[in-house]
Structure formats: C-alpha cells, structure tokens
Amino acid sequence: MSQPPLELWESQVRIWAGAFPYPPTPELAAAVSRRLQSRAPARRRLARLAWALAAVALLLAGMLSVPPVRAALGEWLRLGAVRILLGEPTPDPTLKAPSPTATPSPTMAAPEALLDIAGETSLEAAQRAFGSSIPLPAYPPDLGLPDRIFSQGGSLGRSVVLVWLEAGHPEDIRLSLHLLRGEDMALKGMVSLVRETAVHGARALWVEGEHFYELTSGEMAIRRLVEGNVLIWTAGEVTFRLESGLPLEQAVRVAESLE
Amino acid sequence: MYKWRKDLSGEEKLNESQWIGDARRGDGAAWEALVRGHQESVFRLAFLFLGDADEAADVAQEAFVRAYLALGRFDASRPLRPWLLRIAANLARNRRRAAGRYSAALQRTARADPEAMHGATQSRLEDGRAANAELLWRALRRLRRADQEVITMRYFLELSEAETAQALKVAAGTVKSRTHRALRRLRAVIEREFPDLARGSEA
C-alpha cells in the first residue's frame, strides 16, 4: 500500500479538522466583565479571611540523589516556618496524603495555579499587613518590581507572595518569592531532589521537581502544584521560598540580593 | 479601573486596535467586544486541549481575564488572537497537567462512545465527516505535545504560519518544520491505530 504524498495528506487533514464537531461556544463576555468588575471588592473580602497557617508537608517521590538530606524517609526536615516530610513515593499526586498533624484536614480542592490564589493586593498594602518592610531582589538587574502581589494571613501567621511575570506574557511566571511568618507551615508533595545549601552562609534547602504545596486553615485550603525549583531559607522571623526555573547557583544569587 | 459602558453596539465591525486602546483606558465594553470577537477561537482551542466543554469554558474565561489585566504589556501592532490563544493554551496545559483531567478525558474518549464527548456532538456524529474529524482528534492525542499544538493551530483553528508562530512563541520556520514532522507522525499513528480513517484517506 503506497502512501499518498504529504501534500495530499495535509489537504486531507485540513478537510477532516475543518469538520470537527465542537460544542457550542458559550457567551463569555458578560462573565469576564463581571469577574473584572468584582476584583477590587473580592480582594477586600479575601483580605479579611483569617487564614490560620497549618500543616504543610513535602513527600519525596523521586530519589534523593545528590547529596542526600540527613533525614530518612518518614522523618521531618524543618526550616523556619516550613516543615518537610520525607515520605514514600505517592503513585498518584492527586491523592491526598495522610495529614502530618492532628489538625483536622480540610477538603482539598483541585490544585490551583499560583496566579489564582486569593488575596491579591498592592505592595504597599502587603507591607502594612506583613508588619515589616518586604525586601525585594536586586538580582537579576532587569527584574524590577513584582507584577502581582498576594497577601494572606490570620492570627497564627501571614504569607506574602510576590510574582514576576515574563514580559508580555501574563501566563508565564518568571519567578515568585514567598515570605512566610508563622509557627506551623509545611509543604507536601512529590519532588525528585532535595539537598542542603546555604544563603549568606546560613542553612537553606533546595528542592527540585514537581510537588504539591499546601497552605491550609480549618475551613479552606490552597493546594498548588509547584513545577519549578524551590529555594527555602530564613532571615529573622521570616521564612523565604523562591520558586523559579533557575538553577541553584542563580537562585542563591537572587536570595542573597534581597535588600 | 474597569468600567462598563452600555452604549457600545455589539454589531459594530471589529476595529481591534481601537478597541484595544479603549480597553486599556478601562473601557469594559470595548473589552467585551473583543471577547465576543475571539471567544470562539479561544474556547475551541481549550476544548481541543481538554476534551471537556465546561473545563474549556472556564479556561477561556480565565484567559480573557488575564489578558485584560496584562493588556498594558501587549504589543498592539500585533494581532490579538495569537496572543490570546497562547494564554489559553498555557492555561489549558497547566490545568490538564495539574489535575489529571487530561488523562481522564482521554480515557473517556477512548471508550469510543460518542455520547461521552458532549451532547451537542451526537447528532452530528451521524455525519461521516464529523466522525472522521473526531477520529482525527483522537489520533492527535497520541502525539507528543508540541505536535498536537502545531496541528491544532494550523488545521483545527486554521491559523496561518505567522499566527501559529506568534501563538507558540517560535520562529515561522520552526512552525513549518514542526508541522511537517507532526503530519508525518500523525499519518503513522492513523495508519497504525485508526485503519478505518486511513482507508478513508485513500478513497
């Protein structure tokens, strides 16, 4: 059986594709408009939510190849407000892992994208809520101010998330810096690698690979799939997480440029 | 500040650059007009990626919200549609990857049950052309992501090479070579796994 020339095959594909039975296109304009008009009031409502920062864990699915962390599987790593649980690989990352704390675990929604989390605000408002000046990275030199700022918190802790987007591409995150102040936060998920490193000579953790990140209260939860690399370090009472696609050396350079 | 103005007629011919300028100045009615002008392409792209009409509607809506918020950084000398499709494609890709919806949709459609897809399709599936198109779509799902995306843009959404390049953020020459390779791989999948469709192409 001889194949038709690729040009004829292309024409056939074009004809088939042109007859695809799409469902009816919904009317989106009004819904988009409503969402845009409600953004400011929504931010105020969300800012009033008393987030209690609770359990977060990090389940390691891949192998801890270089250099191995000191804790064994099933033990805790702790750095500042972040707790990391080294666990057995989880076959299905959408399944909920056992809660590492006695706190009743809230129902988990499907993972959220970082830009979908609640509490969007301005840098000035985030600084006021956080109670101290928020340091910004001076490296890379073209980074500038963050494009999106989120602030969440309650009586037990507070977090601020700063997001820098790729120029002209609002769906592409260049990097995000998370500032956490609280007693009992954690990460949870699947990663391929974690190792110890240093920021300004102090202990830091470096996590590579997909994992779930949870920030939960008694009633609600944020659950995100982190796809980049994460550098975790502390300065005073604040724990920092830097999410990016940067290699370790570059991430440390960003961390050490905070001013 | 986003303001909604009631006096913009939906029947006005799409004057994209003017409406983009108005939308940037906070004119919500201008953005609504742009949404109406592009919602079909954006929704269809999301549907092709996700295989679920409700999910596709959510992604399309989110794409228009994000695009509006980033409109100040959009290069108005370029067409809007590829930029919107790029936003929607990334959102759909993230959604199916994060939640496993994509594999669930694949499993559903792999059951070869037309009713599992969506109700509106059922009557049209009796049309042989629509049935072939759906088989083509299933075969497309077997390809790697980059191949799926370029075939979707070029043949399902009928974008030009230049528009596809902008939507995929690659050079026009890359679109041409990627399309060529993807068509070859698609043909191989159809000949191997969809023999009925392959025979149809020889008729």
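This note sets out points on the cores, the chain contact and selected residues of a predicted model.

1. Basis of the model. Residues are numbered from 1 along each chain as its sequence is written, and chains are lettered from A and ligands numbered from 1 in the order in which they are written. Because the model is predicted, local features need pLDDT of at least 70 and side-chain atom pairs count only at pLDDT 80 or more, while totals for chains, interfaces and linings use all residues.

2. Make-up of chain B. Chain B contains 11 helices and 0 strands, where helices (H or I, at least four residues) and strands (E, at least two) are DSSP runs numbered from the N terminus. Of its 203 residues, 42% are buried. A residue is buried if 20 or more other C-beta atoms lie within 10 Å of its own, exposed if 12 or fewer, and partly exposed in between, with C-beta atoms placed from the backbone. Among the contacts in chain B with a separation of 6 or more, 61% join residues 24 or more positions apart. Two residues are in contact if their C-beta atoms, placed from the backbone, lie within 7 Å.

3. The largest core. Which residues have the most contacts inside the largest nonpolar core? They are B:Ala46, B:Ala60, B:Ala63 and B:Ala88, in a core of 63 residues. Helix α2 (residues 28-50) of chain B gives the most to this core, namely 14 residues. At least three residues come from each of domain 1 (15-110) and domain 2 (118-203) of chain B; these bounds come from an automatic or database domain assignment. A nonpolar core is a set of buried Ala, Val, Leu, Ile, Met, Phe, Trp, Tyr and Cys residues joined through C-beta atoms within 7 Å.

4. B:Ala88 and the second core. Apart from neighbours within four places in sequence, B:Ala88 is in contact with B:Val42, B:Leu45, B:Ala46, B:Val59, B:Ala60 and B:Ala63. A second, separate core has 33 residues, including A:Leu162, A:Leu175, A:Trp206 and A:Val252.

5. Contact between the chains. Chain A contributes 35 residues to the contact and chain B contributes 51 residues. On the side of chain A that touches chain B, two or more residues come from each of α1 (6-18), α2 (29-37) and β6 (169-182) of chain A. The largest share, 8 residues, is given by α1(A). By class, this side of chain A has 24 nonpolar, 6 polar and 5 charged residues. Ala, Val, Leu, Ile, Met, Phe, Trp, Tyr, Cys and Pro count as nonpolar, Asp, Glu, Lys and Arg as charged, and the others, Gly among them, as polar.

6. A helix pair across the contact. How do α1(A) and helix α7 (residues 128-140) of chain B pack, and at what angle? The angle is about 110°, and their axes are 7 Å apart; the two helices are therefore roughly perpendicular (65 to 115 degrees). Here the contact is made by A:Val13, A:Trp16 and A:Ala17 of α1(A) with B:Asn132, B:Ala133 and B:Leu136 of α7(B).

7. Two buried residues. B:Ala131 lies in helix α7 of chain B and is buried, with 20 other C-beta atoms within 10 Å. A:Leu115 is in the loop between β2 (82-85) and β3 (120-121) of chain A, and counts as buried with 21 C-beta neighbours inside 10 Å. Leaving out residues up to four places away in sequence, A:Leu115 touches A:Arg148 and A:Val163.

Notes:
Axes are lines fitted to C-alpha atoms, for helices over the stretch in contact, and angles run from 0 to 180 degrees between N-to-C directions. Angles under 35 degrees count as roughly parallel, over 145 as roughly antiparallel, 65 to 115 as roughly perpendicular and the rest as oblique.
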